[in-house]
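Colleague: I'm new to this one, so please walk me through it in plain words. I'll ask, you answer.

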Amino acid sequence: MSEPGNAPDGRLRVLVVTAGHSFEAEPFFAIFDADSGISWEGAEQPDAMALFGPDQVGTWDAIVMYDMPGIKFVAGESVFIDPPEDFQRRFLAMLDAGQGFVFLHHAMSAWPSWPAYADIIGARFHYTPGDLHGRRWPDSGYHFDVTHHVWLTNPDHPICQGVPDGFELTDELYLVPILEDTLTPLIRTDAPMTADHFYSAALAIKKRYRDRTGWTHPPVSPLLGWVKTAGRSPVAYLQPGHGPTAYANPNYRKLVGNAIRWAASPAAHQWAQSASHPAPGGPG
């Protein structure tokens with residue numbers, strides 16, 4: 001790992017990866033424009049895959065993932081696309097070499113046919129029923145424009161510094177399985193995480209929006225954010241971040257900025273290396 005602050009003016013250099021899921025670009029990128037401590041550049045999938053590999057470690061102090069490759073919606077059905085095996089190898093080797101990552105919102109849904117990706121992030125959004133760690137799960141739930149309170153579960157963590165406990169946020173929530181035994185919790189919601197408060201993702205693909213007819217899902221953890229390791233890399237995930245209301249929320253911006261700084265920090269890398277194990281999975 002190179003020392004943070006690669007930019008000539010001392011700011012952190014950040015790569016922001018997008019594409020695969022629609023979003024309002026101008027208000028989203030305004031999060032990074034408004035942060036005077038970073039110098040950022042963008043890359044879109046699939047071209048962004050060429051930027052992953054152990055030889056790229058240190059090019060950016062942190063990489064922010066807001067992409068969703070590996071899935072397309074055709075005639076009301078989900079079509080999964082396997083990540084190229086060379087990309088899988090290079091990504092896992094990058095994690096083993098030590099690169100700070102921040103995953104946001106729908107990045108949880110990327111590469112659904114690659115089991116290792118859920119282990120890297122710590123959860124998975126299922127657009128169709130699927131398996132995760134030997135358990136069969138129904139398609140995941142979503143609910144747009146939920147006004148809820150975000151509570152800190154680990155207020156002493158650097159990502160939570162300067163963030164008030166119990167701030168209000170209006171954003172999309174997910175009902176998804178979370179691999180709680182692999183991560184360190186940071187934030188949670190006070191919203192009820194049960195199927196009767198969410199809608200079916202599989203029905204939404206069929207353009208049956210805000211519909212849960214015949215669908216159910218087990219209750220899940222209220223966690224909205226966490227940190228973990230993948231290989232020798234520090235990884236942060238923040239579930240909020242669907243649209244402009246969240247993007248403009250100063251407390252959400254603070255969490256994102258803190259997550260970038262944490263992922264770039266020597267302390268986070270030392271933590272990841274001390275707890276490291278090989279990056280999960282492999283090509284296949």
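Colleague: Let's start with valine 150: is it buried or exposed?
Modeller: Bear in mind that this is a predicted model, where local features need pLDDT of at least 70, side-chain atom pairs count only at pLDDT 80 or more, and totals for chains, interfaces and linings use all residues. Residues are numbered from 1 along each chain as its sequence is written, and side-chain values use heavy atoms, with hydrogens and water left out. We call a residue buried under 20% relative accessible area, exposed over 50% and partly exposed in between, with a 1.4 Å probe and protein chains only. Valine 150 has a relative accessible area of 0%, so the word is buried.

Colleague: Where does valine 150 lie?
Modeller: Helices here are DSSP runs of H or I with at least four residues, strands are runs of E with at least two, and both are numbered from the N terminus. Valine 150 touches Pro164, Asp165, Phe167 and Leu224, among others, if you skip residues up to four places away in sequence; touching, or contact, means heavy atoms within 4.5 Å. As for its element, valine 150 lies in strand 9.

Colleague: Aspartate 145 has a positive phi; what is the value near?
Modeller: This residue is in strand 9, which covers residues 141–152. Aspartate 145 counts as exposed because its relative accessibility is 57%. Its phi is positive although the residue is not a glycine, and the value is near 55°.

Colleague: And where is alanine 75 found?
Modeller: Alanine 75 also has a positive phi without being a glycine, at about 50°. With 80% relative accessibility, alanine 75 counts as exposed. Look for alanine 75 in the loop between strand 4 (71–74) and strand 5 (77–80).

Colleague: Is the peptide bond from glutamine 45 to proline 46 cis or trans?
Modeller: You'll find proline 46 in the loop between strand 2 (38–44) and strand 3. The omega of the bond from glutamine 45 is near 5°, and the bond is cis.

Colleague: Why is the pair of phenylalanine 28 and tyrosine 66 called stacked?
Modeller: Rings of Phe, Tyr and Trp (its six-membered ring) pair if their centres lie within 6.5 Å, and planes under 30 degrees apart count as stacked, over 60 as edge-to-face and the rest as tilted. By this rule the count is 29 aromatic pairs. In this one the centres are 4.1 Å apart, and it is stacked because the planes are at 10°.

Colleague: How many residues apart are phenylalanine 28 and tyrosine 66?
Modeller: Phenylalanine 28 is buried at 0% relative accessibility, and tyrosine 66 is buried at 0% too. The pair links distant parts of the chain, from helix 1 (residues 25–33) to strand 3 (residues 62–67), and the two are apart by 38 residues.

Colleague: Which residue lies over the face of tryptophan 137?
Modeller: A charge sits over a ring if NZ of Lys or CZ of Arg is within 6 Å of the ring centre and within 35 degrees of the ring normal. For tryptophan 137, the distance from the ring centre is 4.1 Å and the residue is arginine 135.

Colleague: Is histidine 217 buried or exposed?
Modeller: Histidine 217 sits in the loop between helix 4 (201–205) and strand 13 (223–230). Leaving aside neighbours within four places in sequence, its contacts include Trp137, Pro138 and Leu175. At a relative accessible area of 4%, histidine 217 is buried.

Colleague: How far apart are the C-alpha atoms of methionine 94 and alanine 230?
Modeller: Methionine 94 belongs to helix 2 (residues 85–97), and it is buried, with 0% relative accessible area. Its contacts beyond four places in sequence include Phe52, Phe101 and Ser233. Although methionine 94 and alanine 230 are 136 residues apart along the chain, their C-alpha atoms are separated by 9.8 Å.

Colleague: At roughly what angle do the axes of helix 6 and helix 7 cross?
Modeller: Axes are lines fitted to C-alpha atoms, for helices over the stretch in contact, and angles run from 0 to 180 degrees between N-to-C directions. Helix 6 covers residues 250–264, helix 7 covers residues 266–274, their axes come within 5 Å, and the crossing is at roughly 60°.

Colleague: Which residues of helix 7 make the contact?
Modeller: Helix 6 brings Trp262, Ala263 and Ala264, and helix 7 brings Pro266, Ala268, His269 and Trp271.
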